[in-house]
Structures are given as C-alpha cells and as structure tokens.
Amino acid sequence: MTDSEAPAPQVWPTLKANDARALIRFLVEAFGFEETVVHGEGDTVDHAELSWPPGGGVMLGSVRDDPGNPWNDLAPGSFGGYVVTDDVDGLYARAAAAGAEILRKPADTGYGARDFTARDPEGNLWSFGTYRGAPRRG
C-alpha cells in the first residue's frame, strides 16, 4: 500500500499546546509528521492536523480561555503515543539531531519489535517502533 492509498484516520489522538505553532514545527522537523492543515490567527492555533506519512495522524490546538469546553481539561504535555515506523534508527537519529529529549534509545523488545521513546518540547511522550499491533480477532 502506498502512502496515497493509506486509509484516512478514523481515530485522532489529540494534543493541547502552550505554543502550538512551535510544537507543529518540532513534530514536523524532529519526527517527520506532515502539516496537513492549520487554522487560527497569530500565535493561536484553533485546530491543526498533522499526518503521519504511512497513515494516521494527530490533531492539536492551542490552550486558550474557552469556558465550558471540555477539551480545556486536557493539559499540555499529558499525551503519550506510539507511532509505527519501519526506520526506527533513522528516525531516532533525526529526532536526536532536532533536539528531541531522548528518554530511551532504540532497543529490541522481547516481543520482536524495535523502538525508542522521546519527549517533545511540551512534555508529551512519543514512542516510535516497528510493532504494528496484534492481529484483530476475526
């Protein structure tokens, strides 16, 4: 399956950021996400979508004063995600070169995967690895 044939995401992990524009730049530069859309003016990001090239993506927005919005309860730096990649070591080198805080260097797991973990400037945890999940029950 090519990237253009990848199905549209049906589940969107979502992040809040104190400096959403800086976080977008970091996620693109350090980890290789692609900026798909960013809505907002000035320093405020009302809604952004970043695509992961093999499929899927994340949504994010700025922390802002919006009484009654339940998404305001999502604190910056409280997200953790696992992202599948075939090039763990190459992505690790890219992330480290871009200044990502590396929490765990690439290593092989007991269940046959290879992964590493980093923290972005907002404090969110990101693991990147080869594990694609267990087969679904049919």
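1. K105 counts as exposed, because its relative accessibility is 58% and the cut-off for exposed is over 50%. The residue is found in strand β6. The model discussed here is a predicted one, and the values below should be read with that in mind.

2. Which residues does K105 touch, leaving aside its neighbours within four places in sequence? The contacts of K105 are with Y92, D115 and F116. One of these, Y92, is among the buried residues of helix α2. K105 can also be placed relative to T117: the two are twelve residues apart along the chain, and 6.8 Å separates their C-alpha atoms.

3. S127 lies in strand β8. Is S127 buried or exposed? With a relative accessibility of 15%, S127 counts as buried, since buried means under 20%. Not counting residues up to four places away in sequence, S127 touches G81, Y82, V83, R104, F116 and T117. F116 is also in the contact list of K105. From S127 to L103 the C-alpha distance is 9.5 Å, and the two residues are 24 apart in sequence.

4. Helix α2 spans residues 88-97, and V88, L91, Y92 and A95 are buried in this helix. These residues cover an arc of only 105° around the axis, which puts them on the same side of α2.

5. Against what do the buried residues of α2 pack? Their partners are helix α1 (20-31) and the strands β6 (101-108), β7 (114-119) and β8 (125-129).

6. Just after α2 comes G99, which takes a positive phi of about 95°.

7. On the overall fold, the protein has two helices and eight strands. Read from the N terminus on, the order of elements is β-α-β-β-β-β-α-β-β-β. The radius of gyration is 16 Å, close to the 14 Å that the globule rule gives for 138 residues, so the protein is as compact as a globular protein of that length. Along the principal axes, the C-alpha atoms fill a box of roughly 45 × 35 × 25 Å.

8. How much of the protein is buried? Buried residues account for 33% of the 138 residues. Taking contacts between residues at least 6 apart in sequence, 52% join residues at least 24 apart.

9. The accessible surface of the protein is about 8100 Å², and carbon and sulfur atoms hold 49% of this area. As for charge, there are 12 positive and 21 negative side chains. The centres of these two sets lie 7 Å apart.

Notes. Residues are numbered from 1 along each chain as its sequence is written. This is a predicted model: local features need pLDDT of at least 70, side-chain atom pairs count only at pLDDT 80 or more; totals for chains, interfaces and linings use all residues. Side-chain values use heavy atoms; hydrogens and water are left out. Helices (H or I, at least four residues) and strands (E, at least two) are DSSP runs, numbered from the N terminus. The radius of gyration is taken over C-alpha atoms; the globule rule is 2.2 Å times the number of residues to the power 0.38. Buried means under 20% relative accessible area, exposed over 50%, partly exposed in between (1.4 Å probe, protein chains only). Contact means heavy atoms within 4.5 Å. Accessible areas come from the Shrake-Rupley method with a 1.4 Å probe; for residues, only the protein chains shown count as cover. Lys and Arg count as positive and Asp and Glu as negative; His and the chain ends are not counted. The place of a charge is taken as NZ of Lys, CZ of Arg, CG of Asp or CD of Glu. The arc is that of the directions from the helix axis to the C-beta atoms.
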